[in-house]
Amino acid sequence: MQEKTTPETTETTKTDIEIEGMTCAACAARVEKALLNLQGVDAASVNALSGKAMVKYDAHRVPLEALHQAIEKAGYQVRLPVAHATLHIAGMTCAACSARVEKALATLDGVSAVTVNLPGEMARIRYNPELVEPVQLENAVMKAGYQVIRDEPEDDIDPSVMALQEAGRRVRLAWALTIPVLIWMIPAMFFDLVWPDHHTMHLGMLLLTIPVLFIAGKETLWSAYRSVRHGMANMDVLIALGTSAAFISGLLSFVMPVDNYAPIAAMIMAFHLTGRYIEAKARGRASEAIRKLVELGVKRARVLVNGDEQDIPLDQVQLGDIMVVRPGEKIPTDGRVVYGQSSVDESMVSGEPLPKTRQIGDEVIGATINQQGLLHVEATRVGRETFLAQIIRMVEEAQGTKIPIQVFADRITAIFVPVILALAAFTFIIWNVFPEQLASVAAIAAPYIPWVNLDHSPLTLAFFATIAVLVIACPCALGLATPTALMVGTGMGAERGILIRSGEAMQILRSVKAVAFDKTGTITEGAPTVVDVIGLEGDKAMVLAMAAHLETDSTHPLARAIVNAAGEPPTARPRLEEFEDHPGQGVSAVLEGEEILVGSVRFLTSRGVDTKQANRALEELTEKNQTVVAVSRAGKVLGLIGISDRLKKEAPEALAILHKMGIKTILLTGDNQKTATLIAREVGIDDVVAELLPHEKVEAINALRREYGQVAMVGDGINDAPALAQADVGIAIGTGTDVAIAASDVTLVQGELTGVVAALRLARHTFRKIQQNFFWASIYNLLAIPVAMLGLLHPVIAEIAMAASSITVVTNANLLRRAKL
């Protein structure tokens with residue numbers, strides 16, 4: 001490590017920096033020199049082999065970012081550490097709030113990505129833990145004027161439930177005082193009945209309005225104040241200004257020629273609080289999928305310790321602990337059955353109502369229900385690694401993502417409130433400057449609209465129109481249009497065993513024009529068996545034994561079928577040399593000086609084996625719809641093994657529905673052309689691309705994209721990883737914990753092809769709701785604001801319409817639950 005002489009008072013900080021692109025000692029020397037040239041760096045040691053730089057520096061004289069910049073200027077890349085955090089946030093009331101939180105977090109050094117979910121009241125942050133700490137993230141949210149809800153003790157009431165109860169109390173208080181105001185005001189407005197006199201009536205309505213605004217509506221006013229104090233404006237600012245203007249008109253009415261609109265302020269606030277309460281309940285229904293998943297988990301587990309049962313909290317369960325699960329109880333965490341046999345209800349992860357038989361050696365999933373027998377289960381996954389935890393994390397991530405149409409909506413809502421404030425000011429000015437011209441326009445509608453009264457003073461008419469503009473405008477509907485529908489859609493998917501990773505994946509899924517399928521484990525059951533053996537240069541037993549000898553340690557389904565068919569191997573077997581696995585083709589080895597090949601006929605041919613003598617036998621097996629594995633020794637074909645895998649019973653039905661939906665279907669397989677064509681014909685697949693190696697499947701996906709447009713690939717999530725990654729949407733299909741959740745955009749837990757149909761329908765229904773929501777939110781604002789500026793909209797009607805727009809959007813999203821998948 002090279003060091004520089006530094007003053008004794010230097011406060012030294014040590015850090016390790018991971019660097020990409022260094023290939024030799026000269027690279028390391030170059031990086032080291034670049035770091036030591038910085039004022040404040042005391043020592044630097046760079047290792048090209050490990051790709052790391054160890055640096056001692058004075059953080060007061062040189063920030064960590066300067067070290068990174070020096071490395072990048074030297075021509076190398078810094079590999080930054082990445083961490084993720086999820087914050088639950090209280091106090092966000094509209095899209096402007098979520099935009100402010102997003103901005104507050106994004107401006108922190110070290111934060112690389114932020115998405116804020118308004119309906120879910122959460123923020124997901126990707127950040128560099130070396131530059132920013134979790135407490136700084138929380139502080140940024142709180143400085144923006146919102147609260148961070150930390151995990152509560154399990155015995156406490158859910159904060160969202162408490163917030164809803166408090167909102168209900170505010171609504172009841174508001175209406176308890178607003179109804180007397182209405183009883184007083186309506187006879188005076190429509191029948192000129194004043195009791196006991198004008199002065200007492202107006203003073204009484206003003207006094208009743210005060211607690212409605214400043215007690216029931218306190219949170220709205222505080223939210224508006226916090227928003228303005230932080231240099232931004234949210235929906236609450238519009239409500240606060242509208243109600244304040246109406247209330248001030250009531251005060252001015254005693255000394256100036258202006259009508260008393262204080263009762264209108266009470267009505268606006270009462271309707272606003274009611275709308276928020278209904279919206280919160282509807283948003284709660286939209287996010288209930290996550291809540292249901294969390295509630296599925298258990299709090300405690302019964303484990304065996306030295307033969308005795310002990311009841312412990314779930315978070316104390318360790319890998320390898322033996323859990324005791326009695327009939328009717330939930331399995332505490334993912335594990336493997338080590339004793340007993342039972343039926344287990346796994347509907348919570350698969351949507352499949354029929355219980356599954358589980359016995360010794362079988363995997364079981366945490367939170368599923370043991371129905372019959374006593375089970376002892378060894379814990380194999382705990383905490384964040386359990387299947388349920390992964391599902392919850394995946395659904396939360398999907399609900400927190402943003403799709404392009406939502407990014408566009410966020411840009412609109414970011415400027416929406418300032419624009420409305422400008423329009424309200426403009427409305428107030430023009431009604432005072434050009435009262436006669438505007439009154440002549442309003443006069444056209446006056447015979448049809450009872451609340452248009454042009455006998456009022458210009459100041460009164462200006463107040464009337466300005467208040468209506470302030471309370472009619474609604475960015476909330478635009479901000480809720482996408483995330484609410486996505487929350488309902490991804491939640492519905494999770495309940496049915498369809499796990500969708502992101503909103504973007506769902507958006508692409510609804511536009512898919514072609515779906516490519518792998519064969520083994522996707523179209524077929526994935527449990528192949530040997531059904532035919534043909535000996536050419538040896539007897540059947542020898543052909544099968546030779547193939548099994550080479551395939552003993554392979555995990556490929558075809559290899560396992562061969563090994564199982566061969567039975568127990570002899571105790572003494574000749575030793576294999578130069579064994580080599582050829583992915584997607586076969587295996588090779590040298591036995592007693594001669595090369596042995598086991599794999600496809602194409603593989604044998606590529607290795608110089610003359611396979612002509614096997615043509616007739618090959619044709620015989622492929623006509624029976626069998627996958628053929630050939631065995632050769634010393635350049636001669638010993639024989640062929642025919643393997644059959646049952647088709648999934650739901651495959652023809654699922655493919656038929658896809659055709660009705662206008663989707664092209666293609667089979668991509670490493671099997672021979674004839675077998676693949678027969679299978680495709682049997683299930684109803686349009687096209688076949690056969691005899692593909694793994695990398696050739698990737699090329700096939702690209703070719704399909706050029707021909708059809710966006711392509712989905714359906715595979716087992718493990719063997720088809722490259723093709724799944726290459727497709728516009730990768731759909732992994734499997735069963736239970738065997739599914740690689742992280743390997744795909746969409747995961748079908750149940751393992752049935754009808755899940756592909758359900759996923760496509762879900763995506764289409766979800767985006768239809770998003771489009772409907774955007775239409776109603778946009779058309780509402782485009783039509784309502786000009787009408788309000790012309791003085792044709794009563795402020796109370798405006799507030800009712802504003803509240804209704806948000807409720808309509810959230811309710812429409814919840815109607816997605818009625819969709820038939």
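**Walking through the helices, strands and side-chain pairs**

Student: Which elements do the buried residues of α22 pack against?

Tutor: Keep in mind that this is a predicted model. Helix α22 covers residues 615–623, and its buried residues are Ala617, Leu621 and Thr622. Down the helix axis they fall within an arc of 130°, so they line one face of α22. The elements that these buried residues pack against are β21 (529–535), β25 (627–633), β26 (636–644) and α24 (673–683).

Student: Which residue with a positive phi follows α22?

Tutor: Helix α22 runs over residues 615–623. The residue with a positive phi that follows α22, at a value near 65°, is Asn625.

Student: In β25, which residue is the bridge partner of Val598?

Tutor: Strand β24 (residues 594–599) pairs with β25 in the antiparallel sense over four bridges. Within β25, the bridge partner of Val598 is Val631.

Student: And in β26, which residue is the bridge partner of Ala630?

Tutor: β25 also pairs with β26, again antiparallel, this time over seven bridges. The two strands form a hairpin with two residues between them, where Ala634 takes a positive phi near 55°. In β26, the bridge partner of Ala630 is Leu640.

Student: Is Ile268 buried or exposed?

Tutor: Ile268 lies in helix α9 (residues 262–286). Leaving out residues up to four places away in sequence, Ile268 touches Thr243, Ile467, Val471, Pro795 and Glu799. Its relative accessibility is 0%, and buried means under 20%, so Ile268 counts as buried.

Student: What distance separates the C-alpha atoms of Ile268 and Ile179?

Tutor: Along the chain, Ile268 and Ile179 are 89 residues apart. Their C-alpha atoms are separated by 12 Å.

Student: Are the rings of Trp175 and Phe271 stacked or edge-to-face?

Tutor: A search of the whole structure finds six aromatic pairs. In this one, the ring centres of Trp175 and Phe271 are 5.0 Å apart and the planes stand at 90°, so the pair is edge-to-face.

Student: Which helices do Trp175 and Phe271 lie in?

Tutor: Trp175 is buried, with a relative accessible area of 19%, while Phe271 counts as partly exposed at 23% relative accessibility. The pair links distant parts of the chain, 96 residues apart. For Trp175 the helix is α5 (residues 159–191), and for Phe271 it is α9.

Student: How far apart in sequence are the parts that Asp236 and Arg276 tie together?

Tutor: The structure holds 23 salt bridges. One of them joins the side chains of Asp236 and Arg276 (3.1 Å, N to O), and both residues are buried. Asp236 lies in helix α8 (residues 235–252) and Arg276 in helix α9, so the parts tied together are apart in sequence by 40 residues.

Student: Which residues are linked with Arg302 in a network of salt bridges?

Tutor: Arg302 meets Glu309 in a salt bridge (3.7 Å, N to O), and it forms another with Glu329, at 3.1 Å between the closest N and O atoms. Arg302 lies in strand β10 (residues 300–305) and Glu329 in the loop between β12 (322–325) and β13 (335–339), so the second pair ties together parts 27 residues apart in sequence. Glu309 counts as partly exposed at 39% relative accessibility, and Glu329 is partly exposed with a relative accessible area of 24%. Linked with Arg302 in the network are Glu309, Arg326 and Glu329.

Notes: Residues numbered from 1 in each chain as written. Predicted model: local features only at pLDDT ≥ 70, side-chain atom pairs only at ≥ 80, totals over all residues. Heavy atoms only, no water. Buried < 20%, exposed > 50% of the residue type's maximum accessible area, 1.4 Å probe, protein only. Arc of directions from axis to C-beta. Contact = heavy atoms within 4.5 Å. Pairing = 2+ DSSP bridges. Phe/Tyr/Trp six-rings, centres within 6.5 Å; stacked < 30°, edge-to-face > 60°. Salt bridge = Lys/Arg side-chain N within 4 Å of Asp/Glu carboxyl O.
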